[in-house]
Amino acid sequence: MASRFLRLGFAEKILLAKRALGGRNNGFLAPISECHLSSSTDGFVTHGQLNKRLKETAETVVIGGGCVGTSIAYHLAKAGMEDVVLLEKSELTAGSTWHAAGLTTYYNPGINAKNLHYYSIKLFEQLEEETGQQIGFHTPGSLRLLSTPKRMDEAKYQMQRQGWNKAPQWLISAEEVLEKFPLLNPNKILGGLFNPGEGHIDPYSLTQAYAAGARMYGANIYMPAPVTSLTPRTDGGWDVETAHGTIQAKRIVNAAGIWGQEVSQMVGIEHPLIPVHHQYFVTATIPEVAALKEELPVIRDLEGSYYCRQERSGLLIGPYERAHMMRLQEDWVTDGVPKGFGKELYESDLDRIQENTEAAMEMIPVLAEADIQSVVSGPIIYSPDLLPLMGPFQGLHNYWAAVGFSYGIIHSGGAGKFLADWIIDGEPPYDLIEMDPNRYGKWTTREYTAAKARESYGNNNLLGYPKEDRLGGRPTERVSGIYEKLRRRGAEYGFHSGWEQPHWFALEGDQAGYKPSFHRTNWHGPVGREYEMVMNRAGVMDITPFAKFDINGKDTVTFLDNLVANKLPKVGSSTVCHMLTPRGRVYAEITLTRLADDHFFCITGSGSELHDLRWMEEKAFSGQYDVDITNVTEQMGALTIAGPASRDIVAKITDQDMSNEAFPFMSVKDIVIGGVPVRAIRISYTGELGWEFYHNREDTEKLYDSLLAAGEPFGVGDFGVYAMNVLRVEKGFRMWGQEMLTDNNPIEAGLSMFIKMKKKSSFMGKEAIQKIKTEGTRRKLVLLKVDSDNIDPEGNETIRIGDEVVGNTTSGCFSYHLGQSVAYAYLPQDFTDLGTKVKVELLGNHFDGTVIHEPMILTEPAREKAMKQASAGS
C-alpha cells in the first residue's frame with residue numbers, strides 16, 4: 001500500500017510540475033531540435049564584437065570557457081606561463097557548466113582520481129580569498145548510504161584503499177548517519193561512508209573565479225570568439241583561426257565541453273564522446289528542512305541511484321536512471337551541437353526518473369509531501385568509461401585534450417593543475433593513465449561509445465567489485481583469430497584496450513561466467529589448475545593484445561639509446577628497457593628486440609599502446625631524429641607457450657634447434673612452427689621456460705592448433721591473465737602500472753639492474769637517477785605474505801604498523817606455491833627487513849603481513865644457471 005501511495009503521489013507531482021511549466025519556456029526547451037536562445041541567458045550571444053583586440057601569438061590557446069577550460073588557463077598563468085589565451089565561443093559557463101548540480105567530493109572509487117578531487121577541494125577553500133570572487137562553496141560533508149550487506153562490504157573495500165590517501169573518510173554506524181541526516185528512514189540504513197569537507201559549489205561563480213584568477217596572473221580571455229579552424233604548422237604549433245583573426249599558438253588545449261567533438265574534428269580526429277540527458281529537480285520549501293539548524297550533508301543513495309543535497313530550504317534530487325531508461329543525444333555526435341545552443345536545457349522527462357524518485361521518497365519520507373519547484377534537464381558529456389580524456393594526443397604534436405568531464409566541477413581544479421604541470425614540466429606530475437586520451441583508438445566506434453555511455457550512466461551506482469568487468473559494447477573489432485575457438489574452450493574474457501583476452505578458462509565441472517565478489521570466487525580453483533599446468537607441463541596463452549612497434553631509420557640507435565635507461569640489445573637478442581621521465585620516474589617498460597643494426601621490434605603492454613607510442617613519437621620529433629616508428633599491433637598476432645615441456649612441444653613442429661645452446665634465453669629467431677612463419681623470442685612473463693611467437697594475425701588459428709596437437713601428449717592446455725599474474729608475482733617480476741609508474745622511480749621499485757648509469761648516452765632521467773642514488777630512497781618495494789582468510793589483496797590496500805599508516809600494496813594474489821596470499825608493497829626503508837611484521841587492511845580486518853624474500857621461485861634461466869654452477873662446483 002505504501003509503495004502504491006508513493007507512486008500515485010509522484011504521478012500527481014509530475015502532472016502538477018508539467019502543468020506549472022507548460023505553456024511557457026521557463027528556461028526549458030521544447031524538443032531540443034527546436035532549441036533557441038532564451039531570454040534568461042544573461043546576454044548570451046554567439047556573434048558580436050570581441051571584448052578586446054585578439055593577440056596574434058600565444059604560448060597556449062585553451063579552447064572553451066567552462067570550469068575546466070578556465071581552470072587550465074588559471075593554473076598555466078599562475079605557474080608563470082606568459083601568453084596564455086582562452087577562447088570562448090559565446091560566454092563563460094555555456095554548455096554544461098552553468099546548469100551543473102555542483103557537487104564536490106573527495107571520494108572516488110579509483111585511486112589516482114582521488115588526487116584530482118583532493119586538490120580541487122583544497123583549492124576551493126582558498127580560491128575566493130585569492131581572486132575576490134565569491135564561489136558559493138558549502139562544506140556540510142557527504143554520506144554514501146549503505147543499506148545492504150554487500151554495500152557494507154563495498155564500503156570496507158573502499159576504506160582499505162583510502163587509509164593511505166590524503167582525504168579523511170570514515171565508516172560510520174546507522175546511528176551516526178541519522179545524527180547527520182535526521183530526515184532519513186531509519187529502517188533502511190545499515191551505515192554510511194562519511195567524508196567531511198565535501199559538499200557543493202556554485203558552478204557559475206567557480207568559473208568566474210577561475211577566470212578572474214587567470215586574468216589576474218596575465219592570461220587573456222576572448223569572447224565571443226568561436227574557433228573556426230585549426231591548422232598544424234611544420235614547427236609543431238597551430239594556427240588557430242577565429243572570426244576575429246588567427247592566433248599562432250605553440251600548443252592548443254581542447255576544453256570545449258559539449259563542443260569538444262567538433263573541435264577534435266577540426267584536427268582530423270574524433271574523441272569518443274556523447275551527450276547524455278541528466279535531470280535533477282528541486283523542491284519547494286520543506287518545513288522539516290527549513291527547521292534544521294545546520295545544512296544537511298550531501299547524500300548518495302547507492303541502491304536508489306540518486307544524489308540529494310539541500311537547496312535553501314528544500315532538497316535537490318539528481319537520479320541516475322537505468323540504462324534502458326536514460327537518453328543519449330546521439331544526433332549531436334553525427335550532426336553537431338545545434339547552432340546557437342549555449343544556456344538552454346532539454347525538455348524534462350520526469351517519467352524516466354520515477355523509479356529513482358520513489359526510492360528517494362522511501363529513504364527520505366518528507367520528500368513524499370514536497371512540491372516540485374523546478375526541473376533541470378541538461379546535457380553532460382560522457383566518454384565510454386565515464387572518465388575524462390586528459391593529456392597530449394598521439395599522432396598530433398602539441399594538441400592536448402581536456403574533454404569528457406562528466407564530473408567537471410569537482411575535476412576542474414585538479415585537472416587544471418595536472419595539465420598545467422604536465423605542459424610546463426614535460427611530464428605528468430603523477431600517474432593518471434586511466435584518463436589518458438590515448439586509451440582509446442580506431443576500434444572505438446560511435447556505436448561502442450553509445451553502448452558504453454549508456455552502460456556507464458545506468459550503472460553509475462552499481463556495486464564496485466575488484467576485477468570489475470563490464471560487457472557493454474563488446475566485443476569490438478579487436479579479437480584475435482582464435483577468439484571464438486577459445487570461447488568454446490571455456491575462455492572467460494576480459495577487456496584490454498579494445499581487445500578480448502582470456503582471464504581464465506572454465507572447463508567441465510567449473511562454474512562459468514562473471515561472478516564478481518569481494519572474496520575468492522569461481523575463478524580461484526580454475527586459475528590454480530592453470531598455474532599447476534604451466535609449472536609442471538606447459539600452457540598456451542593468446543597474447544595478441546600486446547602492443548607492437550617496428551622502429552627503424554638511420555638515427556634509430558642514437559634515438560633509442562637516449563630514450564631508454566638500459567643498454568640496447570645486440571642483433572638477434574632482446575632486452576627489457578625502461579623509458580624514464582626527466583624526474584627519473586618510470587614512464588613505461590618495453591621489450592626491445594634488435595633485428596638488425598638499425599632495426600628494432602618493440603613490445604609493450606596492451607593498456608599502454610598509444611601512451612608509449614606517443615612518448616616515443618614526441619621524443620623523436622623534438623630531438624629531430626631520422627627514425628620511423630610504425631604501430632604493427634593490429635597486423636601481428638601473438639601466442640606464448642610456457643612450462644617445462646614447451647621446448648619438447650615446439651621441437652615436434654619446427655626444424656629449428658630449440659635447445660638452450662641453439663636458442664638461448666632472450667634471443668630471437670625467425671623460424672617456421674607448424675607451417676607458420678613466426679618471430680620467436682625466448683622470453684616469458686611467467687618466468688618459466690617459454691617463447692613468444694609473433695606472426696601474421698590470419699595465421700593465429702593454424703599456429704594455435706599446431707601447438708595444441710603437438711602438446712596433447714604432454715598435457716598442454718590454455719591459461720589466462722589471472723594465472724600469468726600469479727606466476728609473475730612469484731618470480732619477482734614488476735608490472736607497469738602497479739609496481740612501477742610515474743609515481744615511482746626505478747631504484748625504489750627494485751629495477752636498478754635495468755638502469756645502466758655507466759653507458760655513454762645521457763638518457764632521459766639520468767641526472768635525476770644519479771641524484772636519487774646519491775640521496776637515497778625513502779621507501780622500497782617489498783614482498784609480503786599476508787595471513788588473510790578467503791580474500792586476497794589486489795593492490796592499493798593500506799598497510800599499518802600499530803595505528804600508523806606506513807605504506808600501501810601495489811598488487812597481490814593468492815600464491816599457489818605458498819598456499820596463501822601475497823602482495824607487493826611500498827614501505828619506508830626502516831620497515832623493509834626480512835621478517836618485519838605489518839598489518840594489511842582487507843574488508844575491515846587487519847591481517848598480519850610479513851616481509852619475505854623475493855623472488856619466491858627463481859626463474860627458469862636462473863634455476864638452470866644455479867644448477868650449472870652447482871655441477872661445476874661439485
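Colleague: Where is P855 found?

Modeller: P855 sits in the loop between β37 (845-852) and α21 (860-873). Helices (H or I, at least four residues) and strands (E, at least two) are DSSP runs, numbered from the N terminus. This is a predicted model, where local features need pLDDT of at least 70, side-chain atom pairs count only at pLDDT 80 or more, and totals for chains, interfaces and linings use all residues. Residues are numbered from 1 along each chain as its sequence is written, and side-chain values use heavy atoms, with hydrogens and water left out.

Colleague: Is the bond joining E854 and P855 cis or trans?

Modeller: The peptide bond between E854 and P855 is cis, with omega about 0°. The bond from R474 to P475 is cis too, with omega near -5°. P475 is in the loop between α12 (446-458) and α13 (483-488).

Colleague: Switching to helices. At what angle do α2 and α11 cross?

Modeller: Roughly 40°, with the axes of α2 (residues 67-78) and α11 (residues 408-425) coming within 8 Å. That makes α2 oblique to α11. Axes are lines fitted to C-alpha atoms, for helices over the stretch in contact, and angles run from 0 to 180 degrees between N-to-C directions. Under 35 degrees counts as roughly parallel, over 145 as roughly antiparallel, 65 to 115 as roughly perpendicular and the rest as oblique.

Colleague: Which residues of α2 meet α11?

Modeller: C67, V68, S71, I72, H75 and L76. Their partners in α11 include G408, I409, S412 and G416. Contact means heavy atoms within 4.5 Å.

Colleague: How many residues of α4 are buried?

Modeller: Ten of its 14 residues, so α4 is mostly covered. Among the buried ones are R151, M152, Y157 and Q162. The elements that cover them include α3 (113-131), β4 (142-146) and β36 (837-842).

Colleague: Last one: where is F549?

Modeller: F549 is in strand β22 (residues 547-552), and is buried at a relative accessible area of 0%.

Key
Buried < 20%, exposed > 50% of the residue type's maximum accessible area, 1.4 Å probe, protein only.
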